[in-house]
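Hi,

Here is the model I promised to pass on. Have a look at it first, and my notes come after.

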Amino acid sequence: MSTTKSIPAQQSGEKSTSGENLLEVEDLQVHFPIRQGIVFQRQIGAVRAVDGVSFQVKPGESLGLVGESGCGKSTTGRAVTRLLEPTGGTVRFDGEDITHKKVASMRAARQNLQMIFQDPYSSLNPRHTVGTIIETPMKLNGINPEQGHKKRAQELLEIVGLNPEHYNRYPNEFSGGQRQRIGIARALALKPKLIVADEPVSALDVSIQAQVVNLLQDLQREFGLAFLFIAHDLAVVRHFSERVAVMYLGKIVEIADRETLYSRPQHPYTHALLSAVPEVDPDGADNRERIRLTGDVPSPINPPSGCRFRTRCWKAQDICASEEPPLVQLIGSADGHQAACHFPEVKQVVAPEEIPAAPASAAE
Amino acid sequence: MAIELSPQSVDVNPASSFLEVRDLRVHFPTEDGLVKSVDGVSFSLEKGKTLGIVGESGSGKSVTSLSLLGLHKGSRARVSGEVWLDGEELVGMTEAQMRALRGQKVSMIFQDPLSALHPFFTVGSQIAEAYRVHHKASKKEAHERAVEMLKRVGIPQPERRAKDYPHQFSGGMRQRAMIAMSLVCDPELLIADEPTTALDVTVQAQILDLIRDLQEEFGSAVIIITHDLGVVAEISDDILVMYGGRRIEYGSVHDVLKAPEHPYTWGLLQSMPHLGGDVSQRLNPIPGSPPSLINLPSGCAFNPRCAFKDQVADGRCLSERPELLPVLDSDKHIAACHLTGDAKAEIRSASARGTK
């Protein structure tokens, strides 16, 4: 599995220009208040969607963010692009603190910080032509390309593999995959350094999904883009991102480079996620280990004490309820591999017998 | 093109299998022309077995399943062909006859549980209603049955949750409630239309396990419609690959996934990233997009997206529609492609050398 080598090699050019991180997120919190009362609304609690998340993205690097729905991965993405106001913590982009920047000055920062949205049907204005959609970010930011807005938009259409003559068409004339390409062209219009891609391929068919993943990869190589790639499809994330962070209930439970994370996961949740992915190989299906998590993600309004995963964890003991495990690097694990667990795995994922069965699968 | 078959003209030739679909066609007349959503699909299914139907959006998977339930009756759709379920022909049935079967003998799990459940009624009452339609049961008995079903599909505190409304359930629980509703009358044929597409992998694994367990328990036949080949590999016995409303490959899961015979199936398999795959390798997508069902390309419907059409002599791919032919003398595995067996073997070994 000496596969990661080729991609970092191609990006070493970008990386060497600045050794520091492009995006630094520290202890990010996003809480949504719950209010009660008609005239005098008082806050009775908060949905702690993101509760202390820290990570860094280097220039030209792609960080994957995976987790179940409701774990806060999209909220994290939106807080990073400041579509949501962070409750606490800091977001530093390109050496600048953008956590609580004013709207006007944020606009300048967003030139380098763009987003691709999940649903290609609702993220494009149906009343605007493709040309308008792609030109608007340039006009709003006062960017006047030499060749003019129209030429630049057509150029972008060509870059994302669409016919430049479709400049005057409306989004409804395009299929899902093509619309997603328009969304990508719009994100590229400002020549950003970082793109937050929130489930960019999950609404697409498998064959089209591969086209879009390849396109994003080409763009990443060509323009040295950094990505925060949010997805719930573990295979796609592994394919696209050099480093992967696993989120559970508003926190990162494990972060590592993809080889380490997928072959030697330490957190039981990562383990369970990986074992739940259905594999195409019809023969391999029987002898793979299966960990079946029971129940759903607990409510982020009132998360469990201590380790948040303990309510579904087959290893949970008393300490898990009383003490929250810190996200730390274990002795002997790969560089940059951090996990937040009191009882981390230190085994290969391919050794099936050694892993204790989940209560769910044992009951069957 | 559509042959309108009245119930009388149906050849009385009951099927040997539990479910047998013969030459099913579902056409929709529209302003732009006739949409041939399903065009001559045949398959059979035994009790206790699972069939996976795979294809892109617009390939006719869902329309096939809806027509099995007779849900196109009364619409403008033209349905023809034969559907034999346990000795009865369904296409020619009246709506009243069909209604007696629905839920009782055939039932369906829909893709989006939030829109398939009624927001105004409690989950328990919706499940109980399905039971009372088919059984002479008091409200109390039906409610008890609903609670029992909710318990069976693994919903904690079923007595309390039966009184909840759908919006109070999470995505996975709603899907479980849907499954409980479709299983409340112990159907012999269960059709699951993308039952896990909207769910997370962990919940998906739970739901697939649940469907498998319930199938073992009740011995029902299951049709699972999905575009995820991983799900099919996990749960199905047979697999039917559809493209442009037609069958292009049909066989056992092992045969089709291990030795796919149609370039479209190769494409589907190659375009998916695998957990153990080589990350430096680019994905190999199928170029282009699915065809219009009004004007299918002439010849093989897949030809505009096929990389191998040049390898067939005389441009037959463009002019002649390939027949579904058995592969390697096995009558279980059929595929519709003009490529010869030798040519396919060569392409497959070449791509194996190239990718691995």
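First, the ground rules. This is a predicted model, so to speak of a local feature I needed pLDDT of at least 70, side-chain atom pairs count only at pLDDT 80 or more, and totals for chains, interfaces and linings use all residues. Residues are numbered from 1 along each chain as its sequence is written, chains are lettered from A and ligands numbered from 1 in the order in which they are written, and side-chain values use heavy atoms, with hydrogens and water left out.

The sheet in chain A

Chain A has an open, mixed sheet of 8 strands, ordered S6-S7-S8-S3-S9-S10-S12-S11. Helices (H or I, at least four residues) and strands (E, at least two) are DSSP runs numbered from the N terminus, and two strands pair if DSSP finds at least two bridges between them. At the edges, pairing on one side only, sit S6 (113-116) and S11 (328-329) of chain A. Strand S3 (residues 62-66) runs parallel to S8 (residues 226-230) in chain A, with 4 bridges joining them; Ser62(A) has Phe227(A) as its bridge partner in S8(A).

Two helices are worth a look here. H10 (residues 268-276) of chain A packs on the sheet, touching S9 and S10 (251-257), at about 105° to S9(A). Contact means heavy atoms within 4.5 Å; axes are lines fitted to C-alpha atoms, for helices over the stretch in contact, and angles run from 0 to 180 degrees between N-to-C directions. H2 (residues 73-80) of chain A lies across S3, S6, S7 (194-198), S8 and S9 (243-248), and runs at about 150° to S8(A).

Chain A also has a hairpin made by S1(A) and S2(A), with 5 residues between them and Gly37(A) in the turn at a positive phi of about 110°. Its strands, S1 (residues 23-36) and S2 (residues 42-57), are antiparallel and joined by 12 bridges, and Gln36(A) stands opposite Arg42(A).

Helix H5 and Leu140

In H5 (residues 149-159) of chain A, the buried residues are His149(A), Arg152(A), Ala153(A), Gln154(A), Leu156(A) and Leu157(A). Buried means under 20% relative accessible area, exposed over 50% and partly exposed in between (1.4 Å probe, protein chains only). Their cover includes H4 and H6 (176-188) of chain A. Leu140(A), in H4 (residues 130-140), is exposed because its relative accessible area is 52%.

Cavities

The whole structure holds 4 cavities of 30 Å³ or more. A cavity is a set of points on a 1 Å grid over the protein atoms alone where a 1.4 Å probe fits but cannot get out, and lining residues have an atom within 4 Å of a point. The largest has about 70 Å³ of space; among its 14 lining residues, Pro263(B), Cys300(B), Cys306(B), Cys317(B) and Cys337(B) lie nearest the centre.

Most residues other than glycine have a negative phi. Asp27(A) has a positive one, near 50°; Asp27(A) lies in S1 and is partly exposed at 41%. Gln157(B) is also positive, near 50°, in the loop between H5 (139-152) and H6 (158-161) of chain B.

Cheers

Methods: 1 Å grid on protein atoms, 1.4 Å probe; cavity = no way out; pocket = protein on both sides within 12 Å on 5 of 7 lines; lining within 4 Å. Points joined across faces, edges and corners; volume = space filled by probe spheres on them.
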